[in-house]
Amino acid sequence: MNDKTEELRDIFTDVTDGEETVTESQENTRGSLERDERSDEERLESVVQQMRERYEFETSLSDDELITIARAFYDDRSDDDVADELGVDADEVFEARLSLHLIGENDADEVDLAAIRDREEDDATLADEYDVSEARIRRYRRVARAEDQSRAANDRYRDEFDSVLADADLSERMASDLREDGLEDATEGMETEVEF
């Protein structure tokens, strides 16, 4: 041992309280798309509770019902379908979904939200201009407000829903593909002789 090595060894033993060796146990963990230790249900509950506190949205729906709405959104189910399941009005499901920042592509597909977002005209004037009902204009304005809220929060709640609900679907498909590929690789080139 040269002097530098001896000096480093002395420093090491001083730092480690005289231990000659330090061994850290290692664990081989399986890879996963999911990095959060909480269950999907716990993560969804957390997001809904955070949003309730931050935005104080008013709904008679429970957290579980709001989670059902979020899951249904990612399953491409209609508000009417979810309303039937929950026994509530479709407008209440629509309002709750937007309160969760879950905005569908078809929520305002007939109008440019940017064009009506900052307009101060009343609903009747805009309804005439866009040739839709006043109820439709109110709906579009609600979608625009939900988009603004989501952007103000840097889409973090939507991203969390995406990571739980969209990644769960992706993880399921990938695991299924891996099982299929693994079986295919294991049986590739295998000759089987079956006599009946």
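What span should the 19 residues of helix 8 (residues 134-152) have at 1.5 Å a residue, and how far apart are its end C-alpha atoms? The structure is a predicted model, in which local features need pLDDT of at least 70 and side-chain atom pairs count only at pLDDT 80 or more, while totals for chains, interfaces and linings use all residues. Residues are numbered from 1 along each chain as its sequence is written, and side-chain values use heavy atoms, with hydrogens and water left out.

Helix 8 should span 27 Å, and its end C-alpha atoms are 27 Å apart, which agrees; the expected span is 1.5 Å times one less than the number of residues. Helices here are DSSP runs (H or I, at least four residues), numbered from the N terminus. Buried residues (under 20% relative accessible area, 1.4 Å probe, protein chains only) of helix 8 include Ile-137, Tyr-140, Val-143 and Ala-144, along with Arg-141, Arg-142 and Glu-147. Just after this helix, Asn-154 takes a positive phi of about 55°.

Turning to helix packing, helix 3 (residues 63-74) and helix 5 (residues 90-99) meet at an angle of about 85°, with their axes 10 Å apart. Axes are lines fitted to C-alpha atoms over the stretch in contact, and angles run from 0 to 180 degrees between N-to-C directions. Helix 3 is therefore roughly perpendicular to helix 5, a term for angles of 65 to 115 degrees. In this pairing, Leu-66, Ile-69 and Phe-73 of helix 3 are in contact (heavy atoms within 4.5 Å) with Val-93, Ala-96 and Arg-97 of helix 5.

Leaving aside neighbours within four places in sequence, Phe-161 is in contact with residues including Leu-44, Val-48, Met-51, Tyr-74 and Leu-100. Val-164, found in helix 9, is buried, with a relative accessible area of 1%. Not counting residues up to four places away in sequence, Val-164 touches Asp-40, Arg-43 and Leu-44. The C-alpha atoms of Val-164 and Arg-43 are separated by 7.4 Å, although the two are 121 residues apart along the chain.

Methods
Helices (H or I, at least four residues) and strands (E, at least two) are DSSP runs, numbered from the N terminus. Buried means under 20% relative accessible area, exposed over 50%, partly exposed in between (1.4 Å probe, protein chains only). Angles under 35 degrees count as roughly parallel, over 145 as roughly antiparallel, 65 to 115 as roughly perpendicular and the rest as oblique.
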